[in-house]
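Q: Could we go through this model together? I would like to begin with the packing around a helix.

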Amino acid sequence: MSETRDQSFMQLALAEAQAAAEAGEVPVGAVIVDPASNEVIAAAGNAPISGHDPTAHAEIRAIRMAAEKLENYRLSGLELYVTLEPCVMCAGAISFARIGRLVFGAADKKGGAVLHGPRFFGHATCHWKPEIVSGVLAEDSSQLLRGFFRERR
């Protein structure tokens, strides 16, 4: 995939993250794309606080929206763009949904589960591993997160 294409879709995920921040949520955004048509199937930001739902991470919300829209719990071949390295819960959902490609921005040394922590997709018990691309617009994602938490200190 082209770097410019990945950056374009990550910009959409960043817009979802910004909207989440404006709603008082941790600024993480996710977009699911059909690479065959470049159609955005779903887009979401974090909403665990407003939704009173600890599972309402951007990735989970986008996966739920895409599955509902496509009337299929398998999202084979689709791409997930997310501004922050997914946690273990989201990595599990990505695997179960059979997302074909995961593109994320900022690494998360504390809560990430792709390159850090449990490295979910590297386990023999993981049923499905997407193609993984990291670091796309990572600095933009990091700045948004840093600014959000700086305002709360």
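Q: What covers the buried residues of helix 1?
A: The cover includes strand 1 (29-34), strand 2 (39-45), strand 3 (79-84), strand 4, strand 5 and helix 4 (138-152). Contact means heavy atoms within 4.5 Å. Helices (H or I, at least four residues) and strands (E, at least two) are DSSP runs, numbered from the N terminus. The model is predicted: local features need pLDDT of at least 70, side-chain atom pairs count only at pLDDT 80 or more, and totals for chains, interfaces and linings use all residues. Residues are numbered from 1 along each chain as its sequence is written, and side-chain values use heavy atoms, with hydrogens and water left out.

Q: Which residues of helix 1 are buried?
A: They are Arg5, Asp6, Phe9, Met10, Ala13, Leu14, Ala17, Ala20 and Ala21. Buried means under 20% relative accessible area, exposed over 50%, and partly exposed in between (1.4 Å probe, protein chains only).

Q: Changing topic, where is His116?
A: His116 lies in the loop between strand 4 (101-106) and strand 5 (131-134).

Q: Is His116 buried or exposed?
A: His116 counts as buried because its relative accessible area is 19%.

Q: Which residues does His116 contact, leaving aside neighbours within four places in sequence?
A: Those residues are Glu85, Ala107, Asp108 and Lys109. With Glu85, the His116 side chain makes a side-chain to side-chain polar contact of 2.7 Å. A polar contact is a pair of N or O atoms within 3.5 Å; within protein, one must be able to donate a hydrogen and the other to accept it, and residues adjacent in sequence count only if both atoms are side-chain atoms.

Q: And Met65, where is that found?
A: Met65 is in helix 2 (residues 58-70). Met65 is classed as partly exposed because its relative accessible area is 33%.

Q: What does Met65 touch, not counting residues up to four places away in sequence?
A: Met65 touches Ala42, Ala43 and Ala44.

Q: How far apart are Met65 and Pro48 in space, C-alpha to C-alpha?
A: The two are 16 Å apart in space and 17 residues apart in sequence.
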